[in-house]
Amino acid sequence: MSTPRANRSVIAEAVAPWSDVAQLLRGGEAGTLTPVIIPRHRRRLGWMAPLWVGVFSMLVGLMLAAQDSSGAGDLAYDTLAVLAYAFGVFLLLVGGLWWWRSSIVEIEQGTNGILTRYGAVVRTLNPGRHYLWHPWSRVEFVVDTSTEIPYSAPVMACPTRENVPLRSIEFFLKFRITDAVLFVRIIGAGNFDLVLSSAVQDAIRQRARQISTERAYDLRGSDVADMQELLNRQLSRYGVRITGCNIPDVQLPAQYQQHLATRERVAKERVAYDQEWGLTRKRRIDALGMDIERAKKVRDARIVEVKAALNNAREQVAQLLEKQETNAQRVRFEIETRGRSGLIAAENEARAQRRLAQAYRDNRAVLQYELARRRLDVGAELAGKAPQPVVVRTDAGAGGDSSALATLLTAQLLPQLGAVERADRPGDRRGD
């Protein structure tokens, strides 16, 4: 179990000169993550010595210039005063230049410097060049606040729901320092390593207790958003934010791993058998598909032949129907022609019969008229020659007086009627 321990990340702070700050912040040393650097300051109070000596030299020159003497002594004092002035100015320039050079501080991009004065935190310095004119102001810490720092924390002997200790669970996370002052003043890099390792182990053990041993490998690449939220709540007080985390690997105990290896081998054999059966099934399906396609092609060819035969039959039927319609039309025309000719002949015959009947009827009527007229003439002649009866009513109607009268009148008329009849008869005979 030494391998997982060797892979564990270590967070620490380092003391280094300004020239090595960038290298340590980006790469660390010997696998150590170094988000905080304590710069080794080059600022000393040595720059004050030239300033004080220069001031003293200026005062000496002033005192030499103030001496009253005559002759060669005055010239010597003036020369010494000039030399003292020159030496004082030179020392003042050297001291000022030394002070200006020692006050320059350059903060790397992506980092923040924490400025202290008399040991108290004054403010945070942004990346770039800064001038610290105060003699007791210094950059106490340089903190990386932009880089997402990777951190690997393997958890050893982590028990599952069945209380089976897993060999190790690799946990990987990325964090970023959001508040450099909080991080440096409250916890520091070394203590943060312990706190982060403890928080990660606690979160991993809680997660492992929730799963069974058979599903331990499900932790690899699983969703750990709840763990990230839990770690952020715990580490926010230190000015740190977890930007991402996952579980890249889970190692089971040797015996259980052999058991899983057997299961995996069986599963692989099953997968291989399933693949082989899938290939066989696919070949069979392809063969059936080819047979189906072939049958479809044969069916399509037969359908084409049937459609061609059907089209030919339809054409023949259409031709036969057209021929039959032509014959029927010709027969109809012949029948209509014969009918029209027979109708015309019948009409002519009927017309002739009508005329003949009319003529016969007219002749018969004339004959009947003549016969009737002759009958009337004969009847008139016979009526004229027929005796005329005299009817005498002798019925007793109204009384006895009328009967007597009738008898008397009859007796008077009878002789007259006999004479008239005899007078008419010779004339008739002569006429005949």
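Visitor: Among contacts in the chain between residues at least 6 apart in sequence, what percentage join residues at least 24 apart?
Guide: The share is 68%, where contact means heavy atoms within 4.5 Å. This is a predicted model, in which local features need pLDDT of at least 70 and side-chain atom pairs count only at pLDDT 80 or more, while totals for chains, interfaces and linings use all residues. Residues are numbered from 1 along each chain as its sequence is written, and side-chain values use heavy atoms, with hydrogens and water left out.

Visitor: What does the secondary structure of the chain come to?
Guide: The chain has nine helices and 11 strands. Helices (H or I, at least four residues) and strands (E, at least two) are DSSP runs, numbered from the N terminus.

Visitor: And how much of the chain is buried?
Guide: Buried residues account for 26% of the 432 residues. Buried means under 20% relative accessible area, exposed over 50%, and partly exposed in between, with a 1.4 Å probe and protein chains only.

Visitor: Turning to helix α6, which residues are buried there?
Guide: Among them are Phe-192, Leu-196, Val-200, Ile-204 and Arg-207.

Visitor: What does the side chain of Arg-207 reach?
Guide: The side chain of Arg-207 reaches the backbone oxygen of Asp-223 at 3.3 Å. That is a polar contact, defined as a pair of N or O atoms within 3.5 Å; within protein, one must be able to donate a hydrogen and the other to accept it, and residues adjacent in sequence count only if both atoms are side-chain atoms. Arg-207 has a relative accessible area of 12%, so this residue is buried. Leaving aside residues up to four places away in sequence, Arg-207 touches several residues, including Leu-219, Val-224 and Met-227.

Visitor: Which residue caps the N-terminal end of α5?
Guide: Asp-179 does, with a side-chain oxygen 3.2 Å from the backbone nitrogen of Val-181. Within helix α5 (residues 180-187), the buried residues include Val-181, Phe-183 and Ile-187. Gly-188 follows α5 and has a positive phi, near 85°.

Visitor: How many salt bridges does a search of the whole structure find?
Guide: The search finds seven. A salt bridge is a side-chain nitrogen of Lys or Arg within 4 Å of a carboxyl oxygen of Asp or Glu.

Visitor: What are the closest N and O atoms' distance and the location of the Glu-148 and Lys-174 pair?
Guide: The closest N and O atoms of Glu-148 and Lys-174 are 3.6 Å apart. The pair links distant parts of the chain, with Glu-148 in the loop between β7 (137-144) and β8 (149-152) and Lys-174 in strand β10 (residues 165-177), 26 residues apart. Glu-148 is partly exposed, at 39% relative accessible area, and Lys-174 is partly exposed at 31%.

Visitor: How far apart in helix α7 are Arg-233 and Glu-229?
Guide: They are four residues apart in helix α7 (residues 225-235), so about one helical turn separates Arg-233 and Glu-229. Their side chains meet in a salt bridge at 3.4 Å, N to O. Arg-233 is exposed, with a relative accessible area of 51%, whereas Glu-229 is partly exposed at 48%.
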